[in-house]
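Subject: Structure for your review

Dear colleague,

Please find below the structure that I am handing over to you. My notes on what was found in it follow directly after.

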Amino acid sequence: MSWELVLWLMALCALLLPLVQLLRFLRADADLTLLWAEWQGRRPEWELTDMVVWVTGASSGIGEELALQLSKLGVYLVLSARRVQELERVKRRCLENGNLKEKDILVLPLDLRDRSSHEVATKTVLQEFGKIDILVNNGGRSQRSLALETSLDVIKELMELNYLGTVSLTKCVLPHMMERKQGKIVIVNSLAGIMSVPLSSGYCGSKHALRGFFNSLCTELVDYPGITLCNIYPGPVQSDIVKNALTEEITKSIENTGDQSYKMATSRCVQLMLISMANDLKEVWISDQPSLLGAYVWQYMPTWGLWLFCKLGKKRIQNFKSGLEADSYLKIWKRKRD
Ligand SMILES: NC(=O)c1ccc[n+]([C@@H]2O[C@H](COP(=O)([O-])OP(=O)(O)OC[C@H]3O[C@@H](n4cnc5c(N)ncnc54)[C@H](O)[C@@H]3O)[C@@H](O)[C@H]2O)c1
């Protein structure tokens, strides 16, 4: 083989390798650290058994699926949200599908906005199970309305629930973890806590606030290496989030939820969340493309990110105004991948 041919082959490899990596990235549904942990890291079934896990927002969507997957790992579960009946339904599903007994699951109704109840709720969990290993701050609501048309009560409600409710419960649980020098606080944030989209100004504000608070808290916990904060940033995931979204007024619910099937399967999102928890990852992004790519652009090239989202945002508003699911333009990408 002549040297010239060898050189040509090397040049071809140098060209193809980044291309292959790019194609792999375009099929990725999480950030690379999390995908690495999924491939080479610790398994949830090794790491999370026998733990007491408190899940807020456990009555539907991501929280419900998380309860189901955790019940198969053999943990002690505390299920919280406002609706007792729905929590009892989730408990029954966990008992039917998982390895748990009646006494392993505590249904604990909780309104995240009612901060005065959080201390008592924490004591109830400690009385029942004697410890809290993992608190999953998952409960929350989204928004579908233009900033100028949205009443300040709605913005306040989103801050009370998504931000202050989460901060308050964490402040109740953290002293117990500090005493034991171990524990995990999981925060189900959103890609909307990194980048901003139209129709969700109050929601984005509350999720950005969570990012600021919990990253600051993380820097204050350096003397407690056994306590980890795991910030999870999902993109669009199948759940009741749109159905439950706030609109212009507190009392007005959303008229048309549209098709949600193009979004990431709840089970896949939760599978990646469990891997993040098992590997103590501090920040993870879980999303199909192109939202994942959008987050990278926003994080590393904010000016371009804002420009891009101003363009795409128009489509989001148009879709919403014509009664479609706001993000349904992402369907085209999904079909191409499938
Ligand atoms: N589904 C998505 O596309 C998506 C994307 C990014 C982030 N998230 C986040 O995931 C979390 C779970 O949402 P989901 O998608 O499963 O939606 P969902 O509407 O199906 O579930 C939300 C849960 O929060 C509970 N909740 C609402 N208000 C509450 C209150 N005042 N007190 C206690 N609990 C309350 C609901 O009862 C429900 O159990 C939220 O924090 C949301 O912001 C969701």
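**Helix α5**

Helices (H or I, at least four residues) and strands (E, at least two) are DSSP runs, numbered from the N terminus.

Please note that this is a predicted model, in which local features need pLDDT of at least 70 and side-chain atom pairs count only at pLDDT 80 or more, while totals for chains, interfaces and linings use all residues. Residues are numbered from 1 along each chain as its sequence is written.

The buried residues of α5 are Leu87, Val90, Lys91 and Cys94. They lie on the same side of α5 because they cover an arc of only 105° around the axis, the arc being that of the directions from the helix axis to the C-beta atoms. An α-helix has 3.6 residues a turn, so residues three or four places apart point the same way. The length of α5 (residues 84-97) also agrees with expectation: at 1.5 Å a residue, its 14 residues should span 20 Å, and its end C-alpha atoms are 20 Å apart. The expected span is 1.5 Å times one less than the number of residues.

**The sheet**

Seven strands form an open sheet with parallel pairing, in the order β3-β2-β1-β4-β5-β6-β7. Its edge strands, each of which pairs on one side only, are β3 (105-107) and β7 (283-286). From one strand to the next, the twist averages 15°; axes are lines fitted to C-alpha atoms, for helices over the stretch in contact, and angles run from 0 to 180 degrees between N-to-C directions. Two strands pair if DSSP finds at least two bridges between them.

Two of the pairings deserve a description. Strands β1 and β2 run parallel and are joined by five bridges, with Val55 opposite Leu79 in β2. Strands β4 (residues 134-137) and β5 (residues 183-188) pair in the parallel sense over four bridges. Ile134 stands opposite Lys184 in β5, and Asn137 has Ile187 of β5 as its bridge partner.

How many residues of β2 (residues 76-80) are buried? Five of its five residues are: Tyr76, Val78 and Ser80 point one way from the strand, and Leu77 and Leu79 the other way. In β5, six of six residues are buried. Both faces of β5 are covered, with Gly183, Ile185 and Ile187 on one side and Lys184, Val186 and Val188 on the other.

**The ligand shell**

The ligand is surrounded by 29 residues, of which the closest are Gly57, Gly61, Gly139, Gly140 and Ser239. A residue is counted as near a molecule or strand if its C-beta atom, placed from the backbone, lies within 6 Å of it. Helix α4 (residues 61-71) contributes the largest share of this shell, three residues. By class, the shell has eleven nonpolar, 13 polar and five charged residues. In this scheme Ala, Val, Leu, Ile, Met, Phe, Trp, Tyr, Cys and Pro count as nonpolar, Asp, Glu, Lys and Arg as charged, and the others, Gly among them, as polar.

**Backbone features**

Gln289 and Pro290 are joined by a cis peptide bond, with omega about 5°. Pro290 is found in the loop between β7 and α10 (291-300).

Two residues other than glycine have a positive phi. For Asp50 the value is near 60°; Asp50 is placed in the loop between α3 (44-47) and β1 (52-56), and is exposed, with 9 other C-beta atoms within 10 Å. For Leu199 phi is about 75°. Leu199 is in the loop between β5 and α8 (201-220) and is buried, with 25 other C-beta atoms within 10 Å.

**Glycine and proline in helices**

Gly202 lies in helix α8 and is buried, with 24 other C-beta atoms within 10 Å. Its C-alpha atom is separated by 7.5 Å from that of Met159, 43 residues apart along the chain. Pro302, in helix α11 (residues 302-321), is exposed, with 11 other C-beta atoms within 10 Å. The C-alpha atoms of Pro302 and Met195 are 8.8 Å apart, at 107 residues along the chain.

Yours sincerely

Definitions and conventions
A residue is buried if 20 or more other C-beta atoms lie within 10 Å of its own, exposed if 12 or fewer, and partly exposed in between; C-beta atoms are placed from the backbone.
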